[in-house]
Amino acid sequence: MNELFHTGAVTAILLASGLTYALRLGGLLLADRLPKSGPGRRFLDCLPGTLLVSLTLPGALHAGLPGMLGLTACLLVYVRTRNLLATMAAGIVVVVLLRRLFMV
Amino acid sequence: MKNIGRSLWYRGARANIPLAISAMAYGGVFGILSGNQGVSWAEMLAMDLLLFAGSAQLVMIEMWHAPLPVLDIGLAVLVINMRYLLIGASLQPVFDGRPLWKKIFGMHLVADENWAVTIAAHRSGGTSPAFLVGGGILLLVAWTFSTVASNLLGGRIPAPENWGLDFAFVAVFSALSFSLWQGRGDLIPWLVAALLAVVGEHLLPGKLYIALGGIGGALTACLIEMLRKTKASPQNMIDEAAPAISIANAKPDFLAMTGEEDQ
C-alpha cells in the first residue's frame, strides 16, 4: 500500500474532498434559507446566468479571434438546432480551421 | 412514477454526452500529466471519486511533491472550488422541497458541466435532482475511466489545442449561457459579471474570478430589483414579501437618491 499512497496523500485527498463537498452542499442549504421572494429571490434567479458568463467569458477571450468567430458559429448553430453536440462540433471545427490557417 | 424517475436519470445522462466526451479528452491528458508527476493510479482514483472537480485536481497534482504540503493543498482547493458554494445555491430551485438525503447524495455529483446543463433544462420546463445526478454519474464514469487509464498507460502529453478541444467547453457553456438569458433585465447584471470576471482573472488567485463575477452580477440584479421596489406604488408594495419591504424602508433616502440617478 505504501506505493499506492504517498505519505500524507490520504489526508490531502480527504481534506480537499471534504472542503469541496462542504461548499457544494453548504451552498444549497444556505440558499434554502434565503427568502422565497423579493431581492433574495432575484439574486438566486440571476445567479446561474452570471456564474456561467463568468465561467465562460475569460476562456473565450483567451481563444482570441478564432475563438470569437468560433463562438459566433456556436451561437448560430445552437439557435437553429438547440443541439449541444452540433454546437460543440461547429465551434471546434471553426476554431481548428482558423488556427491552422493563421498558424501555417 | 418509477418509470418517470428512471427516464429523468437517462435524459440527464444523455444531455451531458457532449460534455462527457470533452471531459474524457481532457481526462486523458490529465491522467498522463498525473503519472509524470508521480501520482499513483490509486491516488488518481480516490481524487476522481471523492473530489470530482477537474480544475482542483489539476492544481493538486501540480503540488504533488514529497513531502506533500497538505494544508497548502487544502487551501488551494478551497480557493478554486469557492464557486461551488454559489453553484450549490443556484441549484435551490431544482432541489426545492426534496428530502435531505437527496440533497446530501445529489450534491456530491455536481460538476460545472452537469450543473450548467441542468440549470438550462430547468429553465426550459423544469427538471429534477435525478436529471442532475444522471448527468453527474455519466461525467464521473467518463472522467474516472479516462484519467485512471491514461495514468496507468502513460505516454507523451498530447496538445488538446491542436484539435480545438480546449474550445469544447467554451462552445457548450456559451450555448448554455445563451439559453439562460431571461430578457433585457439580465443585460446589466451579465455585463457586470463579465467585467468582474475578466478583471478578477488577472487580480485574484485560483478561480475566484468566477465567484466574483457570479456574486457581483447577481447582487446587481438584486439591487436593481430593490430600487424598482422603492419606486413602485404603495399598492404594489403590499403585494411584496415582508423582508423586501423592511430592507426598502430601512434605507429610503439612499435608495430614492440612487433610484433617480438610475433614470
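Guide: Start with K229(B). K229(B) is buried, at 9% relative accessibility (buried is under 20% relative accessible area, exposed over 50%, partly exposed in between; 1.4 Å probe, protein chains only). Its side chain meets that of E225(B) in a salt bridge, 3.5 Å from N to O (a Lys or Arg side-chain nitrogen within 4 Å of an Asp or Glu carboxyl oxygen). Both residues lie in helix α13 of chain B, residues 208-231. They are four residues apart, about one turn of the helix.

This is a predicted model: local features need pLDDT of at least 70, side-chain atom pairs count only at pLDDT 80 or more, and totals for chains, interfaces and linings use all residues. Residues are numbered from 1 along each chain as its sequence is written, chains are lettered from A and ligands numbered from 1 in the order written, and side-chain values use heavy atoms, without hydrogens and water.

How many salt bridges are there over all chains? The search of the whole structure finds six.

Chain A holds one of them. R41(A) pairs with D45(A), with the closest N and O atoms 3.7 Å apart. These two are separated by about one helical turn because they sit four residues apart in helix α2 of chain A. R41(A) is buried, at 17% relative accessibility. D45(A) is partly exposed, at 29%.

Now go across the chains. K103(B) bridges to D32(A), with 2.8 Å between the closest N and O atoms. This pair runs from helix α8 of chain B, residues 100-106, to helix α1 of chain A. K103(B) is buried, at 9% relative accessible area. D32(A) is partly exposed, at 23%.

The interface of chain A and chain B has three salt bridges by this rule. In one of them, R99(A) meets D166(B), and the closest N and O atoms are 3.0 Å apart. The largest share, 24 residues, comes from α2(A). The contact takes 74 residues from chain A and 94 from chain B (heavy atoms within 4.5 Å).

Chain A itself has four helices and zero strands (DSSP runs, H or I of at least four residues for helices, E of at least two for strands, numbered from the N terminus). Of its 104 residues, 48% count as buried.
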